[in-house]
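Colleague: I am new to this structure and would like to learn how to read it. Please show me the model before we start.

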Amino acid sequence: MYKAKPQKNTDDFIFGIRAVIEAIDSGKEVDKILIKKGLGGELFKELFEKIREFQVPFQYVPMEKINRITRKNHQGVLAFISPVTFYELENFLPSVFEAGKNPLILVLDQVTDVRNFGAIVRTAECAGVDAIVIPEKGAARINADAVKTSAGALHLLPICRTKNLKESIIFLKESGLKIAAATEKSSFNYTQANLSGPTAIIMGSEEKGIEMQLLNLADEQVQIPILGKIESLNVSVAAGLLIYEAVRQRLHHS
């Protein structure tokens, strides 16, 4: 329970130092905290200790950035509240194996468009994907828009958030999952890849694709043929093709 009602004018964010401290204390899933550069004082020190203790992602920003979100008395601190609870991949994956499942995990590198993200989650949930792995930085914000586009799938499909995507992919590899990365740099058709065993599929952003250090970790780099003049598919469509290819193969092998 809150000691005092936090100041807020939307379900999406909370502002003011005391209100944000209380939100963290009450166990709210804080997506990210924006902090005005150069902020100090005893109350801020208390907040920063909470941020460190609970490992909440934060970012120092100019005052104007916070003012663009709200003009109310934010005291230089604004926290985005996530509508979903995040999982730790290292704790979550063993439970998939223990349930006797054949894991299918989706890793999203730099997918920042909220609607694309929501559409991917919807497809993944329909296809029985076990979890989606996203980075703390450089991922779409999980807000009401994302939940709406996902048709509520964000409340059903576990989202694992990680500080280091590279380390998470190495963990997946060491746990026995095959890593398949979708890239136009490959000439290997995605339907030729064996996705029937424990698999993690990496999708990158439309602008940048998958970061090279992550691409290099893949056991297979696969390509979706592009026969028209536009050079790439929408990432949510591409993700849907790969996910359902894995589903097709698994149904065929079962």
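Colleague: How far is the sulfur of C126 from the closest cysteine sulfur?

Modeller: First, the ground rules: this is a predicted model, in which local features need pLDDT of at least 70 and side-chain atom pairs count only at pLDDT 80 or more, while totals for chains, interfaces and linings use all residues. Residues are numbered from 1 along each chain as its sequence is written, and side-chain values use heavy atoms, with hydrogens and water left out. Now the general idea: a disulfide is a covalent bond between the sulfur atoms of two cysteines. Here the term means a pair of cysteine sulfur atoms within 2.5 Å. The closest cysteine sulfur to that of C126 belongs to C160 and lies 19 Å away, which is too far for a bond. C160 is likewise in no disulfide, and the structure holds zero disulfides.

Colleague: Is C126 buried or exposed, and is C160 buried or exposed?

Modeller: Buried means under 20% relative accessible area, exposed over 50%, and partly exposed in between, with a 1.4 Å probe and protein chains only. C126 has 55% and is exposed, whereas C160 has 1% and is buried.

Colleague: Which residues of β7 are on one side and which on the other?

Modeller: In a regular strand the side chains alternate between the two faces of the sheet. Strands are DSSP runs of E with at least two residues, helices are runs of H or I with at least four, and both are numbered from the N terminus. Strand β7 covers residues 131-135. A131, V133 and P135 are on one side, I132 and I134 on the other, and all are buried.

Colleague: How many bridges join β7 to strand β8?

Modeller: Two strands pair if DSSP finds at least two bridges between them. Four bridges join β7 to β8 (residues 159-162), and the two run parallel; P135 has T162 as its bridge partner. β6 and β7 also run parallel, joined by three bridges, with V107 opposite V133.

Colleague: Which elements make a right-handed β-α-β unit with β7?

Modeller: A crossover is right-handed if, with the strands pointing away from the viewer, the path from the first strand over the helix to the second runs clockwise. One such unit consists of β6, α5 and β7. Another consists of β7, helix α6 (residues 144-149) and β8.

Colleague: What covers the buried residues of α9?

Modeller: The cover includes β6, α5, β9, β10 and β11. Among the buried residues of α9 are V235, L242 and I243.

Terms used: Contact = heavy atoms within 4.5 Å.
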